[in-house]
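Work through the exercises below with the structure in view, and try each task before reading its solution.

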Amino acid sequence: MAKLKTLEDLFEHQLKDLYSAEKQLIAALPKMAKVTEDPKLRSAFETHLEETKAQKDRLEKVCELVGISPGRMKCKAMEGLVEEGEETIEEDATPEVKDAGLIASAQRIEHYEIAGYGTAAHFAERLGHKEAAELLRQTLAEEQKTDTLLNDLAKSYINEKAE
């Protein structure tokens, strides 16, 4: 990997990292939805899968706007988060406890993405990539909305059912 010498270099690195993260999540979300017992949680995972596909496409547009290829970089953080989610899937747990665990795993992923998109949007703005910044903020808002939905499901009844 080339040395990061400027904020532009770091921004491009962040975009490639986020692109890898989204691709990994597209592969993981169907597995999470499949083992989820709760229909509202399953629906949330399925909806977020479609959003994630659109976010990946949006990142391709951002990369095009700034003149880079999203590349083949592997986001190791998302790899670890997805691995933890897969461990939750494999746990010998009641369906209610598994659903609560899947929410916890999914929220870790959302928090990682919120941090990544917030940072990338700020970098884009700072570097004068206005349209890219707007697209990144759009994804940031979607990630925040998903995190809030997962939190609401957990607090309103899923965690209680797992007791």
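**Exercise 1.** In this predicted model, determine with which hand α4 passes α5, and how the two helices are directed relative to each other.

Solution. Begin with the crossing itself, in which α4 passes α5 in a left-handed manner. Next, take the axes of helix α4 (residues 95-126) and helix α5 (residues 130-162), which come within 8 Å and cross at roughly 160 degrees. Since angles over 145 degrees count as roughly antiparallel, α4 is therefore roughly antiparallel to α5. Finally, sort the residues of this contact by class, which gives 18 nonpolar, eight polar and ten charged residues.

**Exercise 2.** Decide whether E142 counts as buried or exposed, and find which residues it is in contact with.

Solution. First locate E142, which lies in helix α5. Its relative accessibility is 16%, and because buried means under 20%, E142 counts as buried. Then set aside the neighbours within four places in sequence, and the contacts of E142 that remain are E51, Q55 and R58.

**Exercise 3.** Describe the make-up of the whole protein, and work out how its radius of gyration compares with that of a compact globule.

Solution. Start by counting elements: the protein has five helices and zero strands, so that from the N terminus on the order reads α-α-α-α-α. For the dimensions, the C-alpha atoms fill a box of roughly 50 × 25 × 20 Å along the principal axes. A compact globule with 163 residues would have a radius of gyration near 15 Å, and the 17 Å of the protein agrees with this.

Notes. Residues are numbered from 1 along each chain as its sequence is written. This is a predicted model: local features need pLDDT of at least 70, side-chain atom pairs count only at pLDDT 80 or more; totals for chains, interfaces and linings use all residues. Side-chain values use heavy atoms; hydrogens and water are left out. Axes are lines fitted to C-alpha atoms, for helices over the stretch in contact, and angles run from 0 to 180 degrees between N-to-C directions. Helices (H or I, at least four residues) and strands (E, at least two) are DSSP runs, numbered from the N terminus. Angles under 35 degrees count as roughly parallel, over 145 as roughly antiparallel, 65 to 115 as roughly perpendicular and the rest as oblique. A crossing is left-handed if the near helix is turned anticlockwise from the far one by less than a right angle, and right-handed if clockwise. Ala, Val, Leu, Ile, Met, Phe, Trp, Tyr, Cys and Pro count as nonpolar, Asp, Glu, Lys and Arg as charged, and the others, Gly among them, as polar. Buried means under 20% relative accessible area, exposed over 50%, partly exposed in between (1.4 Å probe, protein chains only). Contact means heavy atoms within 4.5 Å. The radius of gyration is taken over C-alpha atoms; the globule rule is 2.2 Å times the number of residues to the power 0.38.
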